[in-house]
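User: Can you walk me through this one? I'm new to it.

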Amino acid sequence: MNTPLHSIDRPNSYIGRSVSRPNAKRLLAGRGRYVTDLMLPRMLHAAFVRSPYAHARIVSIDMADAKAMPGVRLIATGEDLSRICKPWLGMLDHFKGMKSSEQLPLPMDRVVWAGQAVVAVVADTRAQAEDAAEAVMVEFEEIAPVVDIDAARAAGSEIIAPELGTNVCFNTKIDTGGVDGIFATAKHVVEGEFTFGRHTAVTMEPRAIVADYNPSEHQLTVHHATQTPYQFQDLYSRHFGVPEANVRVIAPDIGGSFGMKLHVYHEDMAVVGLSMMLGRPVKYVADRLEAFLSDIHARDHRVRARLAMDESGTILAMDVDDVTAVGAFSSFPRTSVVEGNQVVRLIGTPYRFKNYRAELSVVFQNKVQTSQYRAVGHPIACAVTERLVDMAALRAGLDPFEMRARNFIPDDAYPCASPSGFKFESLSHEVCLARLKTMMNYDGLRAEQAELLKKGIRRGIGIAAFVEITNPGPAFYGVGGARISAQDGAIIKVTPSGEVQCQISVTELGQGTETIVGQIVAETLGIDRERVKVMTGDTDNTPHGGATWACRGAGIGGETALQGTKKLKANILSVAAAILQEKPERLDIRNGYIVDADGGQQRIALAEVARIVYFRSDTLPPDTNPQLTVAHHYAPQGYPFAFTNGIQGSLIELDAETGFVKILKHWVVEDCGRVINPMLVDEQIRGGVVQGLGAAFFEECLYDDNGQLTNGSLADYLVPMAVEMPDIEVAHVETPTQDTELGAKGCGEAGTAAAAAAAMNAVNDALASLDATIGQIPMTPARILRALGHE
């Protein structure tokens with residue numbers, strides 16, 4: 001019997017876990033153990049055979065040639081993986097009537113989008129796996145694809161999931177009543193149709209996963225580029241039958257996510273299953289082409305909306321119909337319905353009208369799934385609202401600033417609720433509006449615009465107000481039965497050398513979580529930031545929590561760190577008081593020393609207190625409780641969300657001959673509550689604006705009538721670069737939430753929320769003198785020329 005060597009955790013180390021050929025072994029000198037002559041690399045690599053069709057039945061799979069190729073260790077089909085992985089269903093209980101079909105790592109009998117993984121190949125190297133994947137022969141029987149959102153709902157249309165009997169995933173309505181009567185009698189009604197193209201995250205680091213299953217200990221370790229390691233610990237445990245305590249998910253500082261790395265992907269689940277089947281580590285990194293085919297997309301909406309107002313320009317009611325297509329499945333575990341739901345509930349939120357009606361229809365189609373992406377639903381809701389408000393201003397003969405000033409919910413009217421049911425604690429529309437007008441030198445821009453128009457230079461000025469959802473509580477996912485935590489946890493401790501470690505459940509995506517948490521701990525405790533080490537993203541070493549999504553890092557994770565650090569500080573002062581024979585309330589910590597609270601005189605170093613606690617606790621009074629490690633958990637208890645708000649302005653120049661737009665300047669005034677680190681907030685805003693402007697002018701996943709993605713590479717899919725981006729000026733208003741002591745709300749999605757809306761209003765402002773308008777995003781040169789009547 002072979003005795004396997006224990007491997008060391010290095011990618012290039014070797015292991016003899018699976019020795020099946022007795023003749024291929026030799027005695028390891030001096031150790032008395034057998035290993036394989038082949039010295040198989042410890043890490044194996046996965047590649048996938050993908051469907052060339054958007055909709056087809058799998059007739060047969062021939063793997064014979066591929067199995068014989070060098071380095072191939074395993075070829076697995078959907079049937080193979082279904083034996084060890086339970087199916088999943090992208091549903092939430094509070095979306096009544098929602099439908100979706102079960103999903104498995106690989107399909108059993110048919111494919112439902114072009115690029116769907118069909119067969120998994122595992123080999124010693126990625127190149128060998130890809131070569132073998134090309135040798136796998138899959139016979140398909142093509143089925144008519146469902147691509148168009150109207151065709152998906154039409155009678156007689158091909159049903160993507162026959163067991164559901166429909167291509168409608170979800171339908172909901174909001175109706176306060178009285179809307180038809182108001183529109184029938186209103187002095188002015190404006191209406192429009194708005195189309196929002198699909199786009200995707202294009203993160204610097206693609207999706208990546210290494211799954212390492214140890215059969216001898218029934219232990220699964222997954223190194224995963226994800227925002228939410230605790231979510232995946234739970235999912236891997238439940239779907240693969242591994243006790244949760246035996247599942248470790250490690251999520252390092254990942255190269256961007258924007259929500260894309262929240263979701264369960266078929267390839268990731270397959271990689272976990274492959275590792276369990278082989279008892280060896282398996283690695284998969286999506287290349288850029290695969291990312292375009294399999295990463296979630298977002299924003300595929302068509303919205304028809306209208307607004308009613310009286311003779312003075314006061315908004316009376318809004319009426320909205322949103323149809324969104326979400327791919328062939330609802331994503332798991334957060335569903336593909338959330339974006340559309342937030343669209344219809346956020347429309348009109350800055351304004352004080354009371355009558356509102358909205359209908360949302362979510363439909364399936366033969367494309368890759370859509371789901372949560374930065375500022376989920378906000379850009380659509382904001383663009384629809386703010387374009388209608390600009391149209392209303394023009395109809396009423398009002399300046400866009402004046403139109404908003406007349407209709408904003410006054411800052412002193414909070415708390416209040418929106419017609420869609422959102423409850424707001426405190427927002428600052430009026431203050432933000434006034435600040436933006438001053439920042440922009442609005443009157444000066446209008447004067448310059450008029451002078452330039454005389455010379456044939458067409459400039460446009462647009463503004464857009466927004467409300468952003470942050471700090472989500474249990475009402476976001478927990479209410480729907482999803483096992484996604486609304487709380488976060490922190491373990492904070494003083495080391496024997498007097499330094500501080502904070503293990504916290506919010507994760508680092510490149511946005512500065514560790515910086516913010518370290519800053520909060522250091523300032524609260526009274527030590528230098530350099531003496532605080534923050535650890536994130538490891539389910540074995542950090543407490544359970546919701547992690548980072550929906551701008552909850554500072555607002556929830558930061559509050560967790562604050563309250564935990566306050567507990568630790570109280571413990572430190574209690575011990576120091578015992579040492580100094582002083583009362584704790586007469587002491588404080590400053591610059592790493594215990595000092596007199598009144599005069600600041602240094603009494604004893606924090607490091608000396610730690611030394612005594614850890615090594616000479618026998619010298620402390622008997623009733624001393626020397627606890628220099630504190631665990632704390634926090635979840636929002638007040639409002640379901642901590643809404644932020646702000647307003648953006650955009651200045652563009654339009655070439656009416658070519659349809660090209662040059663973005664000259666962009667302004668943002670935002671209110672994220674208490675600003676903890678101004679530099680990080682400013683750069684989060686700027687990054688969000690760039691993504692919003694990318695959607696406004698460049699980014700779109702284009703499909704043909706057969707459901708084929710036609711621009712799935714960075715040679716064809718346009719992302720904004722530095723040369724296209726303007727100077728972005730950022731200012732802040734601070735309205736702290738009273739739900740937390742920290743007072744911080746989120747800021748990461750604010751830039752994305754309104755950038756496209758401000759840009760759309762700016763382009764339409766430039767088009768106004770030509771009696772043209774555009775309501776489709778992205779606003780490409782070709783679409784602008786069509787709006788101008790050039791076919």
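**Rings and a helix**

Analyst: Start with Arg334: its charged end sits over the ring of Trp549, 4.6 Å from the ring centre. That label needs NZ of Lys or CZ of Arg within 6 Å of the ring centre and within 35 degrees of the ring normal. This is a predicted model: local features need pLDDT of at least 70, side-chain atom pairs count only at pLDDT 80 or more, and totals for chains, interfaces and linings use all residues. Residues are numbered from 1 along each chain as its sequence is written, and side-chain values use heavy atoms, with hydrogens and water left out.

User: Which ring does the charged end of Arg306 sit over?

Analyst: That of Phe183, 3.9 Å from its centre.

User: Which cluster is Trp549 in?

Analyst: Ring pairs link Trp549 with Tyr414, Phe422, Phe424, Phe476, Tyr477, Phe641 and Phe643. Rings of Phe, Tyr and Trp (its six-membered ring) pair if their centres lie within 6.5 Å; planes under 30 degrees apart are stacked, over 60 edge-to-face, the rest tilted.

User: How many aromatic pairs?

Analyst: The count is 19. Take Tyr53 and Phe140: their ring centres are 5.6 Å apart and their planes at 65°, so they are edge-to-face.

User: Is Phe140 buried or exposed?

Analyst: Buried, at 18% relative accessible area. Buried means under 20%, exposed over 50%, partly exposed in between (1.4 Å probe, protein chains only). Tyr53 is partly exposed at 28%.

User: New topic. How many residues of α18 are buried?

Analyst: 17 of its 18. Helices are DSSP runs (H or I, at least four residues), numbered from the N terminus.

Definitions and conventions: Helix = DSSP H or I, 4+ residues; strand = E, 2+ residues; numbered from the N terminus.
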